[in-house]
Amino acid sequence: MKLISDIDSFQMMMDQHRRSGKKISFIPTMGYLHQGHVSLFLKAKEKSDITIASIFVNPSQFGKNEDLSSYPRDISRDYFICERSGIDYIFYPSAGDMYKPGERTSVTVNELSDKLEGEYRPGHFSGVATIVLKLLNIINPDILFLGQKDAQQVVIIKKMMEDLNIKTKMEIVPTYREKNGLAMSSRNTYLTEKEKNEAGVIYKALQYAKDRIVSKEITVADEIKKQMTDIITSGAPDSKVQYVSITDNKNLDMIEDLSKYKGEILISLAVYFGRTRLIDNIIIRN
Ligand code: PAF
């Protein structure tokens, strides 16, 4: 495995692999890797000749009051995890190289970026779309692997790739969960043991909603959202639900009457445990 920081040499290596007919898979990450990332790495390895993971804590997707400076980082640990997972290259650029002074360009996927998470994290998805596009341009992979955990990110990147005629295919890997259902995330390291145990209630609420929708027991979205909030706050009294939303999984439009909707339903939410903000989601095919 090679760790490369220099953009030009990395781009040249990727060009060479492509010219020699190798199939390239790419998994973008912000590091502090966990089993969820490993599940993406392993899936990517199955599908390609060369597997690339990028590790880059992208400043442009953090808001002013967010955790950019405290975001967990441990490149030696990440290196070991990548090597053990069979990654061929780690792309590990510096912020100064990825965003050169004087850059004037960013990408925004309009409307989709302002909904759900975007309401609470203005500018976040523009940062995500911009860095993913830059990485795709540098690597030009055959397949991009993303985790379902960041559902809105998936919807937005899919739309960006479609709108900007990017030929790379996309594969979505299911959310990897702790035994109690807590979705794996690098930010889980901020949680105390008690919070970690209690946070399993988020998945319980998502599953409760799924069961009610699939059985058609409840068809009013507001009622499901209210019950989910009750499940979370009674299982984790110190938590604070920021939002629960029930939308379609393409345009992220709110669904009110579930009996009238046909297609993929995305139930997503954000919950604070102390100062840690956790997001999660579930998709139902109606
Ligand atoms: O999901 C993440 O870790 C990030 O948003 C990504 C896709 C690596 C872009 O910085």
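The protein chain has ten helices and nine strands, where helices (H or I, at least four residues) and strands (E, at least two) are DSSP runs numbered from the N terminus. Its radius of gyration, taken over C-alpha atoms, is 19 Å, close to the 19 Å that the globule rule gives for 286 residues, so the chain is as compact as a globular protein of that length. The rule is 2.2 Å times the number of residues to the power 0.38.

Before I go on, this is a predicted model: local features need pLDDT of at least 70, side-chain atom pairs count only at pLDDT 80 or more, and totals for chains, interfaces and linings use all residues. Residues are numbered from 1 along each chain as its sequence is written, and side-chain values use heavy atoms, with hydrogens and water left out.

Along the principal axes, the C-alpha atoms fill a box of roughly 55 × 40 × 40 Å. Of the 286 residues, 50% are buried, meaning under 20% relative accessible area with a 1.4 Å probe, protein chains only.

Now contacts, meaning heavy atoms within 4.5 Å. Taking those between residues at least 6 apart in sequence, 72% join residues at least 24 apart.

Where does Ser-85 lie? It sits in the loop between α3 (75-84) and β4 (89-91). Ser-85 is buried, with a relative accessible area of 5%. Leaving out residues up to four places away in sequence, Ser-85 touches Val-38, Phe-41, Leu-42 and Lys-45.
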